[in-house]
Amino acid sequence: MCFYRRVRNVYLRCGHAINLPEEEIKCDSVRCKFSPNHPSTCVPPSCTQTCWQYHQFPQQYAPNIDDLCPNCKAQR
Ligand SMILES: [Zn+2]
Ligand SMILES: [Zn+2]
Ligand SMILES: [Zn+2]
């Protein structure tokens, strides 16, 4: 089942955090409406009964980066 990944880079040297654009992570299931492997012949109403119609709960990812954020870097 597909989901969105939200990445928030945390820059340790200045304490700022920057949110990156949401990324969609695709699965390969034929039973997921958003999957690249979902057959184009599978359409509602049967699709709504056999396939996932929603994304999974988004994954949050916040890597700590031992550096200044790009904004602070640009000001130096
Ligand atoms: Zn999927
Ligand atoms: Zn379907
Ligand atoms: Zn900063």
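**View 1. Asp67, a partly exposed residue, and its partner Lys73.** Asp67 has a relative accessibility of 25%, so Asp67 counts as partly exposed; here buried means under 20% relative accessible area, exposed over 50%, and partly exposed in between, with a 1.4 Å probe and protein chains only. Asp67 forms a salt bridge with Lys73, and their closest N and O atoms are 2.8 Å apart. The term salt bridge stands for a side-chain nitrogen of Lys or Arg within 4 Å of a carboxyl oxygen of Asp or Glu. Lys73 is partly exposed too, at 44% relative accessibility.

**A note before the next views.** This is a predicted model, in which local features need pLDDT of at least 70 and side-chain atom pairs count only at pLDDT 80 or more, while totals for chains, interfaces and linings use all residues. Residues are numbered from 1 along each chain as its sequence is written, chains are lettered from A and ligands numbered from 1 in the order in which they are written, and side-chain values use heavy atoms, with hydrogens and water left out.

**View 2. The salt bridge of Glu23 and Arg5.** A search of the whole structure finds five salt bridges, and in this one the side chains of Glu23 and Arg5 meet at 3.5 Å, N to O. The pair links distant parts of the chain: Arg5 belongs to strand S1 and Glu23 to strand S3, 18 residues apart. Strands (E, at least two residues) and helices (H or I, at least four) are DSSP runs, numbered from the N terminus. Glu23 is partly exposed, with a relative accessible area of 37%, and Arg5 is partly exposed with 27%.

**View 3. The salt bridge of Glu22 and Arg6.** The closest N and O atoms of Glu22 and Arg6 are 2.5 Å apart. This pair also links distant parts of the chain, with Glu22 in the loop between S2 and S3 and Arg6 in strand S1, 16 residues apart. Glu22 is partly exposed at 42% relative accessibility, and Arg6 is partly exposed at 36%.

**View 4. The zinc ion (ligand 3) and its protein donors.** Look for Cys14 (SG), His16 (ND1), Cys69 (SG) and Cys72 (SG), which lie 1.8 to 2.4 Å from the zinc ion (ligand 3). Donors are N, O and S atoms within 2.8 Å of the metal (3.2 Å for Na, K and Ca); water is not among the atoms, so sites may look incomplete. The site is tetrahedral, with angles of 105 to 115° among its four donor atoms; four donors count as tetrahedral if all angles lie between 85 and 135 degrees. Along the sequence, the donor residues follow the spacing C-x1-H-x52-C-x2-C. His16, in the loop between strand S1 (3-11) and strand S2 (17-19), and Cys69, in the loop between strand S5 (64-65) and helix H2 (70-74), are 53 residues apart and link distant parts of the chain. His16 is partly exposed at 38% relative accessibility, whereas Cys69 is buried at 1%.

**View 5. The zinc ion (ligand 2) and its coordinating residues.** His38 (NE2), Cys42 (SG), Cys47 (SG) and Cys51 (SG) coordinate the zinc ion (ligand 2) at 2.0 to 2.3 Å. Angles of 104 to 113° among the four donor atoms make this site tetrahedral, and the donor residues are spaced H-x3-C-x4-C-x3-C in sequence. Cys42 is buried, with a relative accessible area of 15%, and Cys51 is buried with 7%.

**View 6. The cis peptide bond between Pro44 and Pro45.** Most peptide bonds are trans, but the one joining Pro44 and Pro45 is cis, with omega about 10°. You will find Pro45 in the loop between strand S3 (23-25) and helix H1 (46-50).

Key:
Four donors count as tetrahedral if all angles lie between 85 and 135 degrees; four count as square planar and six as octahedral if opposite donors are over 155 degrees apart and all others between 65 and 115; anything else is irregular.
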